[in-house]
Amino acid sequence: MTENHLFTIRPMTADDLVQALELSGDEGWNQTEKDWRLLLENPDNICIVAEKNKKVAGTATAMIHSGKIAWIGMVIVNKTIRGQGAGRMLLTHILEKLKHIESIKLDATPAGHLLYQNLGFMDEYTIFRMTNPFLEISGYSQAEDVTERFSGDIIEEISAQDKIIFGADRSYLLSKLIEYYPEKAFFIRRGDIVKDYILGRDGNRFS
């Protein structure tokens with residue numbers, strides 16, 4: 001536990017989920033309670049809060065994949081108390097806990113970009129978020145391609161391929177997405193080999 005005269009940094013608990021969801025909702029972010037639970041319920045992950053006057057004033061998380069790659073996310077500070085150091089405290093605390101991790105990454109919003117740069121992060125790629133209120137599928141098929149839903153043995157096969165591409169095992173994340181949203185998980189088998197797959201999720205604002 002870390003403290004200054006304004007904030008206490010401590011581990012997030014299940015009792016904090018309602019307030020955490022309120023913070024992400026106030027930002028207009030897309031996360032649902034399932035997303036927060038996915039982060040919190042994996043003991044390998046790091047989930048912390050900044051507390052002020054016994055209320056959650058900010059959050060930060062790190063999803064850790066096989067002890068090699070950590071992805072920082074959900075860095076949120078209540079709009080009414082920004083500029084008082086909670087964001088820097090959260091990130092400094094979480095980075096200290098990630099010192100043993102080979103690669104630390106995050107998606108930076110414009111609001112947090114300067115703080116991340118000051119903490120040593122460098123731009124790697126630019127992400128464009130795109131929305132579509134209605135998408136009409138034009139249809140795609142080839143005789144040798146068969147689109148199917150996931151099953152248990154396929155999850156293991158996909159996880160093994162994903163580990164090669166991503167560089168670390170993230171089977172926990174893949175299996176949870178498939179468990180939560182099986183109707184949005186598909187793969188294409190080319191002959192006897194699973195080559196292509198896609199996962200989806202329901203969000204607070206968008207799927």
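Predicted model: local features only at pLDDT ≥ 70, side-chain atom pairs only at ≥ 80, totals over all residues.
Let me begin with Asp-16, which, apart from its neighbours within four places in sequence, is in contact with Arg-10, Pro-11, Val-49 and Val-56.

Where does Asp-16 lie in the chain? Asp-16 belongs to the loop between β2 (8-11) and α1 (17-26). Its relative accessibility is 4%, and because buried means under 20%, Asp-16 counts as buried.

The side chain of Asp-16 has two partners to point out. With the side chain of Arg-10, Asp-16 makes a polar contact of 2.9 Å. The side chain of Asp-16 also reaches the backbone nitrogen of Thr-13, again at 2.9 Å.

I turn now to the aromatic residues. How many aromatic pairs does a search of the whole structure find? The search finds two. In one of them, the ring centres of Tyr-116 and Phe-121 are 6.2 Å apart. The planes of these two rings stand at 80°, so the pair is edge-to-face. Tyr-116 is buried, with a relative accessible area of 7%; Phe-121 is buried as well, at 17%.

The other pair is formed by Tyr-180 and Tyr-181. This pair is edge-to-face too, with 6.1 Å from centre to centre and 80° between the planes. Are these two tyrosines buried or exposed? Both Tyr-180 and Tyr-181 are buried.

The charged end of Arg-170 sits over the ring of Phe-166, at 4.0 Å from the ring centre.

Note on methods: Residues numbered from 1 in each chain as written. Heavy atoms only, no water. Helix = DSSP H or I, 4+ residues; strand = E, 2+ residues; numbered from the N terminus. Buried < 20%, exposed > 50% of the residue type's maximum accessible area, 1.4 Å probe, protein only. Polar contact = N/O pair within 3.5 Å; in protein donor to acceptor, adjacent residues only side chain to side chain. Contact = heavy atoms within 4.5 Å. Phe/Tyr/Trp six-rings, centres within 6.5 Å; stacked < 30°, edge-to-face > 60°. Lys NZ or Arg CZ within 6 Å of the ring centre and 35° of its normal.
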